[in-house]
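Please prepare a briefing on the fold shown below.

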Amino acid sequence: MQLPVYASGGGKGLLAHQKWSEVRRLLDGQQFRALTPNTITTLDALVDEMDQIRKQGYAYDKEEFLSGLCAISAPIRNMDGAVTSCISMLLSAWRFHQNAENYTDIVLRTA
């Protein structure tokens, strides 16, 4: 299964740590299809979220790909500090909203 980069925690987390020129190249011609009512559907909204992800150090998918499912993603860096991959935790929206801070801490410590 392939997830749209704009609608997944891991995709947004990886995208946020790329150079803007690479982001523009990757998203050139990308159609932002609403998969749920929470899906990001504009490049401007995605850019704003990527700025937030860079600042906070993690990404969320708050029912953006599938209603009822959330994700928390944190970057994994190589020895030079470059983001090369990420780790994600998928969980039900109910569990996520009940204790997002605790789950986020777990994902960040694991990464």
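Are Tyr-60 and Phe-96 buried or exposed? Tyr-60 is buried, and Phe-96 is buried as well; buried means under 20% relative accessible area, exposed over 50%, and partly exposed in between, with a 1.4 Å probe and protein chains only. This is a predicted model, in which local features need pLDDT of at least 70 and side-chain atom pairs count only at pLDDT 80 or more, while totals for chains, interfaces and linings use all residues. Residues are numbered from 1 along each chain as its sequence is written, and side-chain values use heavy atoms, with hydrogens and water left out.

**Sheet**

- Three strands form an open sheet in the order β1-β2-β3, with antiparallel pairing; helices (H or I, at least four residues) and strands (E, at least two) are DSSP runs, numbered from the N terminus, and two strands pair if DSSP finds at least two bridges between them.
- The edge strands, each pairing on one side only, are β1 (59-62) and β3 (83-92).
- From one strand to the next, the twist averages 20 degrees; axes are lines fitted to C-alpha atoms, for helices over the stretch in contact, and angles run from 0 to 180 degrees between N-to-C directions.
- The antiparallel strands β2 and β3 are joined by 9 bridges, and Leu-69 has Ser-92 as its bridge partner in β3.
- Helix α1 (residues 9-16) packs on the sheet and touches β1, β2 and β3, where contact means heavy atoms within 4.5 Å. The direction of α1 makes about 150 degrees with that of β1.

**Nonpolar cores**

- The largest nonpolar core has 12 residues in all, among them Tyr-6, Leu-15, Leu-27, Phe-32, Leu-46 and Ala-59. Such a core is a set of buried Ala, Val, Leu, Ile, Met, Phe, Trp, Tyr and Cys residues joined through side-chain atoms within 4.5 Å.
- At least two residues of this core come from each of α1, α2 (20-27) and α3 (43-56), and α3 supplies the largest share, 3 residues.
- Beyond its neighbours within four places in sequence, Leu-46 is in contact with Tyr-6, Lys-12, Leu-15, Leu-27, Phe-32 and Ile-40.
- A second, separate core of 11 residues includes Tyr-58, Cys-70, Leu-91 and Phe-96.

**Aromatic pairs**

- There are 3 aromatic pairs; rings of Phe, Tyr and Trp (its six-membered ring) pair if their centres lie within 6.5 Å, and planes under 30 degrees apart count as stacked, over 60 as edge-to-face and the rest as tilted.
- Tyr-6 and Phe-32 form a tilted pair, 4.9 Å centre to centre with 55 degrees between the planes. Tyr-6 lies in the segment before α1 and Phe-32 in the loop between α2 and α3, so the pair ties together parts that are 26 residues apart in sequence. Both Tyr-6 and Phe-32 are buried.
- Tyr-60 and Phe-96 form an edge-to-face pair, 5.0 Å centre to centre with 85 degrees between the planes. Because Tyr-60 lies in strand β1 and Phe-96 in helix α4 (residues 93-110), this pair ties together parts that are 36 residues apart in sequence.
- One aromatic cluster is formed by Tyr-58, Tyr-60 and Phe-96.

**Ser-73**

- Ser-73 lies in strand β2 (residues 69-77) and is buried, with a relative accessible area of 1%.
- A polar atom of the Ser-73 side chain lies 3.0 Å from the backbone nitrogen of Gly-10.
- Leaving aside neighbours within four places in sequence, the contacts of Ser-73 include Gly-9, Gly-10, Ile-87 and Val-107.
- Tyr-58 is 15 residues from Ser-73 along the chain, and their C-alpha atoms are separated by 5.6 Å.

Methods
A polar contact is a pair of N or O atoms within 3.5 Å; within protein, one must be able to donate a hydrogen and the other to accept it, and residues adjacent in sequence count only if both atoms are side-chain atoms.
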